[in-house]
Amino acid sequence: MRRKLMSVAAAAFAAVTLFAVMPTTAAQAATSTVESVIGAGTINSFGSPTVYLGAIGNKRGQLGAFTVTYPDGTYATGTSNCLVVNDKTAYLTGKIALSGGPRRDANSWQRGNYMVIGIKDNGNGTDVMDELNFTPGTTADPGCGPNAAANPNLFLVKGNYWVTDAA
């Protein structure tokens, strides 16, 4: 199962990269503005989950994927249906496609549920690690944009995220 999850994550990163470099016209290529979040990070709270993200959006649409894994084997993976970036903070809303493990039900990570992941990019090579948080799953789409339950306020113990704002 872990090999399958890594394959899903690799495919998501490849798709995001392809989407980013594929303008539909020369004019769009010259004026393309892109919002994105990519990376992986682990927090030392709530069982030390690791979150893998790759999402990109522009005027043509949005594409991406996420995977959250715990050391006990719990996981949720899915596609993003919304990415909002404001400066160096990003909120990704996604729909769960696969999930399993002992924390799945407690986190409400059933297939078809939604979750929001918040990321704050504090730079590379700084003394302050990036920050992360995510919501439990919900049956209703929580919408697009900042979500108080996913406020990125938990510092990473390892990893890094890169957030790019189109503004």
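What percentage of the 167 residues in the chain is made up of buried residues? Buried residues account for 43% of them, where buried means under 20% relative accessible area, exposed means over 50%, and partly exposed lies in between (1.4 Å probe, protein chains only). The model is predicted, so that local features need pLDDT of at least 70 and side-chain atom pairs count only at pLDDT 80 or more, while totals for chains, interfaces and linings use all residues. Residues are numbered from 1 along each chain as its sequence is written, and side-chain values use heavy atoms, with hydrogens and water left out.

The secondary structure of the chain comprises two helices and eight strands; helices (H or I, at least four residues) and strands (E, at least two) are DSSP runs, numbered from the N terminus. From the N terminus on, the order of the elements is α-α-β-β-β-β-β-β-β-β. Contact means heavy atoms within 4.5 Å. Among contacts between residues at least 6 apart in sequence, 57% join residues at least 24 apart. The accessible surface of the chain is about 8400 Å², and carbon and sulfur atoms contribute 57% of that area; accessible areas come from the Shrake-Rupley method with a 1.4 Å probe, and for residues only the protein chains shown count as cover.

C82 is buried, because its relative accessible area is 8%, whereas C144 counts as exposed at 53%.

Strand β4 also holds T77, which is buried with a relative accessible area of 3%. The side chains of T77 and T67 are joined by a polar contact of 2.9 Å. A polar contact is a pair of N or O atoms within 3.5 Å; within protein, one must be able to donate a hydrogen and the other to accept it, and residues adjacent in sequence count only if both atoms are side-chain atoms.

The loop between β7 and β8 contains N147 as well. Its side chain reaches the backbone nitrogen of A149 at 2.9 Å. With neighbours within four places in sequence set aside, N147 is in contact with Y91, V116, T135 and P142.

Charged pairs form a further topic. Side chains of opposite charge can pair when their charged atoms come close. A salt bridge is a side-chain nitrogen of Lys or Arg within 4 Å of a carboxyl oxygen of Asp or Glu, and by this rule there are two salt bridges. One is formed by the side chains of D72 and R103, at 2.9 Å from N to O. This pair links distant parts of the chain, 31 residues apart, with D72 in the loop between β3 (61–69) and β4 and R103 in the loop between β5 and β6. D72 is partly exposed at 37% relative accessibility, and R103 is partly exposed at 29%. D105 forms a salt bridge with R104, the closest N and O atoms being 3.4 Å apart. Here D105 is exposed, with a relative accessible area of 53%, while R104 is partly exposed at 27%.

Where in the chain does S108 lie? S108 is found in the loop between β5 (89–100) and β6 (114–120). Most residues other than glycine have a negative phi. S108, although not a glycine, has a positive phi of about 55°, and at 26% relative accessibility it counts as partly exposed. F46 likewise has a positive phi, near 55°, and is a residue other than glycine. F46 lies in the loop between β1 (35–43) and β2 (50–58) and is exposed, with a relative accessible area of 59%.

Finally, V128, M129 and F155 make a nonpolar surface patch of about 250 Å². Patches consist of residues with over 30% relative accessible area and no salt bridge, like charges being joined within 9 Å and nonpolar side chains (Val, Leu, Ile, Met, Phe, Trp, Tyr) within 5 Å. F155 is placed in strand β8 (residues 154–164) and is partly exposed, with a relative accessible area of 46%.
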